[in-house]
Amino acid sequence: MRAVFKTSYDKDIDLHPDWWERGKIAVLLGLLALLPFLVGEYYLAEATNTLIWSLAGLGLMLLVGHSGQVSLGHAGFMAIGAYVDAGLMNAGVPWIIAFPLAGLAAGCFGAIVAIPAVRMSGIYLAIATLALFVIIEEMIIILEPVTGGVGGIFAPSITLFGIDFDRYASLNNFYWLVLVIVALTTWAYANVLRSPTGRSFLAVRDSEVSARALGINVTRTKALAFGLSCGVTGLAGALMGHYISFFNYELFSIFISINLLLVVTIGGLGFIQGAFFGAILITAVPQLIAILRDGLNATVGIDLGGIPGLDTLIFSVILVGFIIYEPTGLYGRWLKFRAYVQLFPLARRDMFRRQKTYLKTERSK
Amino acid sequence: MSLLEVTDLAVHFGGVKAVDGVSFDVVEGEVFSIIGPNGAGKSTIFNLISRFYEPTRGTIRFDGTELTALSAHDVAGMGIARTFQNIELFDHSTVLDNLLMGRHRHRATNWVQDLLFLPKVRAEERAHRQNVEEVMEFLELEAYRDKMIAGLPYGVRKVVEIGRALAMGPKMILLDEPASGLSVEESQDVSYWIEDMRRDMGLSVLMVEHDMRLVTQVSDRVLAVANGKPLALGTPAEVQSDPTVQAAYLGTDVSEGAVA
Amino acid sequence: MELIQLIVGGIASGCVYGLVALGFVLIYKASEGVNFAQGDMMMLGAFVALGMVNQDYWALPFFPGILLACAVMGGVGYGIDRFVVRRIFGQPQFALVILTIALGFVLRFVAGSIWGFTPLVLETPFAGKHVNLGGLVLGYEDILTILVTAALTLGLWLFFSRTKLGLAAQAASQNQMAAYIVGVPVRRINSMIWALSGVVATIAGVLYASKGTIDPNIGLLGIKAFAAAVIGGFGSLPGALMGGLLIGVVEPIAARYLPSGFSQMSPYILMLIVLTTRPGGLFAQIHAKKV
């Protein structure tokens with residue numbers, strides 16, 4: 001087990017306590033950068049998809065994991081981001097401007113929505129966000145001249161400084177672009193968490209009463225959390241639009257919202273890494289199911305392709321399993337595994353025993 | 001010089017007069033205690049000062065400013081810190097993080113600067129950490145620095161809450177039953193800390209407390225309330241020998257704490 | 001006249017929303033848990049009833065068939081709590097939300113596997129029959145819906161406020177540890193409430209099915225019913241019904257008089273309006289915490 005000897009406050013303030021941790025991240029980033037040269041086009045596209053989902057997951061994680069607010073309608077903000085980005089580009093605005101504007105639009109909308117929303121808590125907020133999602137969906141259909149309504153809209157290919165980042169023609173470039181965006185966002189997220197802004201989010205999550213007593217403007221903090229979260233998710237939506245190239249409102253269905261929730265809960269609520277673990281699961285499982293299905297079909301002749309809803313069923317079962325047996329998610333399980341390996345053979349069985357909390361009514365808030 | 005002036009404060013919840021015409025003042029550098037039987041409205045007075053409740057009547061002036069015009073989160077900015085009767089710490093953070101959150105009032109960076117973690121943010125973080133370390137040293141919490149609140153014993157959590165209030169760098173600290181649930185030794189520590197807060201940090205302390213030994217040991221003046229109404233105001237000895245106070249404490253052995 | 005017809009029809013469909021919302025509130029009142037699968041339980045209840053009563057399946061006589069369906073769904077509800085929800089006892093409320101969302105998908109899959117995805121019709125003895133009150137046409141199923149809903153709401157409200165079991169359930173939802181200490185069998189009561197909720201869902205499903213076709217996706221109605229429960233104030237039984245009625249009436253009126261697309265949004269806009277003006281819903285049940 002490695003011990004880190006801290007000699008200055010900076011060791012705690014830095015993102016990584018020492019060069020070992022920093023090295024591991026550098027290696028990871030290096031591998032990711034070299035991915036286009038290591039895997040074929042199909043898997044590179046899948047990796048891009050995973051990265052986009054991670055970005056969306058980061059957005060939701062900020063809200064749910066670190067600010068304690070629930071949102072069941074985050075796909076709506078992805079939709080806003082996608083439509084603003086594609087819409088602006090179709091109107092001639094270059095991507096370099098359209099992209100941040102899309103995030104800004106989603107973020108502002110989120111912040112505005114937050115202001116009445118912060119008066120609600122828990123389940124009321126959850127259902128309010130769900131309602132909002134339905135409304136956004138309907139608005140997209142109604143605003144047909146701008147959004148292409150039911151027919152859909154085309155997201156033009158991205159060009160930056162003369163270099164092509166088309167999702168099909170220059171997938172490598174597109175992948176790298178997404179990678180850079182995701183890396184920058186993760187860095188900014190980590191910065192937020194180690195700064196007074198992040199601490200105010202955590203304070204609001206854990207005890208609104210004492211947050212207020214400490215001078216934190218709870219309404220403004222929640223609105224900021226919502227704004228940042230929706231903004232990041234909006235950016236992810238914009239990228240998703242480019243990834244799919246031609247989309248309509250059905251791309252951002254209620255199932256996407258639920259998938260996003262899966263990403264943050266199965267991945268590990270409250271950890272940045274959780275968003276990535278969850279995204280990997282979400283994008284990998286359909287692939288695995290497809291492989292399994294083809295395999296079963298080829299070897300044993302059982303055709304599972306005809307059963308509709310099998311994908312969602314398997315996801316649901318996995319989700320139920322995680323909630324019951326591993327509520328800290330994949331990252332939580334990884335932490336336990338790592339602790340076991342580092343402490344071997346001294347790891348104790350009940351080291352991570354979950355403290356059972358008895359329900360105390362939330363109706364007295 | 002009066003730091004806090006409460007005049008004819010009252011709050012009615014429906015038909016219940018939780019606080020009914022309470023007036024007192026806290027002089028700068030003073031330790032002022034509020035005592036009374038359970039349900040007397042002591043914590044309600046705190047919640048009124050913290051602006052969690054809206055008073056039906058009365059004024060609260062702190063350092064010349066009328067508090068009833070401010071919202072709850074502005075009260076901290078005025079330099080008033082408080083602890084809570086049922087500990088309201090941030091359970092999923094470490095002791096260090098809880099104390100750092102107390103520094104919010106002295107925040108000098110906005111969220112954009114935080115996002116980019118500019119050098120100014122780093123410098124501020126170092127300064128906050130320095131300040132918080134001093135508080136931890138004062139309260140002897142260094143051993144618990146990186147421990148999660150959720151796993152700490154009750155007595156330590158109470159101390160962390162005091163630490164978080166101190167980290168704010170306040171002018172006045174409101175302690176809501178600081179000794180409840182603590183052992184004799186821990187209560188003794190609390191009395192030493194209150195003395196140090198007054199003497200070394202120049203704080204004014206407003207305290208709600210049931211432990212009469214602690215009250216008589218540290219307080220300069222005491223206000224006794226019952227059923228929301230004030231009974232007596234004066235030095236600990238004066239208040240304890242007041243017949244109306246003794247009557248309100250029916251069944252409690254008041255003479256026990258009289259020997260200072 | 002057309003407006004009144006719309007309103008009456010709206011009241012009837014509002015009753016169905018109200019019943020589903022009632023199922024939500026039942027579980028919330030007893031264990032402060034939120035069952036996002038309530039809509040799908042309604043759907044499954046309707047299908048089980050169909051399986052009991054329709055000629056193509058078991059072809060039992062109507063009312064015994066419905067009763068049997070209620071019993072089966074009561075068992076399903078009990079089973080869901082006993083074997084799945086109970087496993088996450090002690091976890092925050094959020095976990096239950098996700099769990100029940102997942103369960104909803106599972107129920108949908110089960111229904112689709114057994115009965116397929118094409119819309120089916122429940123055979124009822126009062127199909128097509130109606131009364132004519134001076135130009136106002138009231139279908140038998142609408143009248144029955146309104147009567148049954150009123151009776152159920154009254155019965156459940158009495159249950160919670162007058163019976164020992166109901167009070168014990170409320171106690172358990174407010175402070176589990178305290179309830180245990182005074183001897184309330186918290187987990188068993190929760191399971192019973194889930195069973196009751198399953199029965200209510202079946203009745204709602206049957207009433208819904210009597211007005212049209214059913215397919216495994218009708219569970220999405222649960223989201224609207226959720227909005228109804230929220231409008232009413234989440235811990236209030238009469239509130240749930242009130243919310244349901246409100247939505248049931250507003251929807252067809254919005255469809256008739258507002259541009260298309262707005263009727264879909266109307267329940268949610270209504271809900272958001274209510275929530276911003278009265279954050280706890282119409283019959284708010286949230287109280288300020290004493291610190």
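The legends below describe close-up views of a predicted model. Local features need pLDDT of at least 70 and side-chain atom pairs count only at pLDDT 80 or more, whereas totals for chains, interfaces and linings use all residues. Residues are numbered from 1 along each chain as its sequence is written, and chains are lettered from A in the order in which they are written.

**View 1. An open sheet of 6 strands in chain B.** The strand order is β6-β7-β8-β3-β9-β10, with mixed pairing. Strands are DSSP runs (E, at least two residues) and helices likewise (H or I, at least four), numbered from the N terminus; two strands pair if DSSP finds at least two bridges between them. At the edges lie β6 (80–82) and β10 (229–234) of chain B, each pairing on one side only.

**View 2. Strands β7 and β8 of chain B.** The parallel strands β7 (residues 172–176) and β8 (residues 204–208) are joined by 5 bridges. Within this pair, B:Ile173 stands opposite B:Val205.

**View 3. Helices α3 and α11 of chain A.** Helix α3 (residues 41–67) and helix α11 (residues 218–244) pack at an angle of about 170°, with their axes 9 Å apart. Axes are lines fitted to C-alpha atoms over the stretch in contact, and angles run from 0 to 180 degrees between N-to-C directions. The two helices of chain A are therefore roughly antiparallel (angles over 145 degrees).

**View 4. The fold of chain C.** Chain C has 11 helices and 4 strands. Its C-alpha trace spans about 60 × 45 × 35 Å along the principal axes. Buried residues (20 or more other C-beta atoms within 10 Å of their own, C-beta atoms being placed from the backbone) make up 53% of the 291 residues in chain C.

Terms used. Angles under 35 degrees count as roughly parallel, over 145 as roughly antiparallel, 65 to 115 as roughly perpendicular and the rest as oblique. A residue is buried if 20 or more other C-beta atoms lie within 10 Å of its own, exposed if 12 or fewer, and partly exposed in between; C-beta atoms are placed from the backbone.
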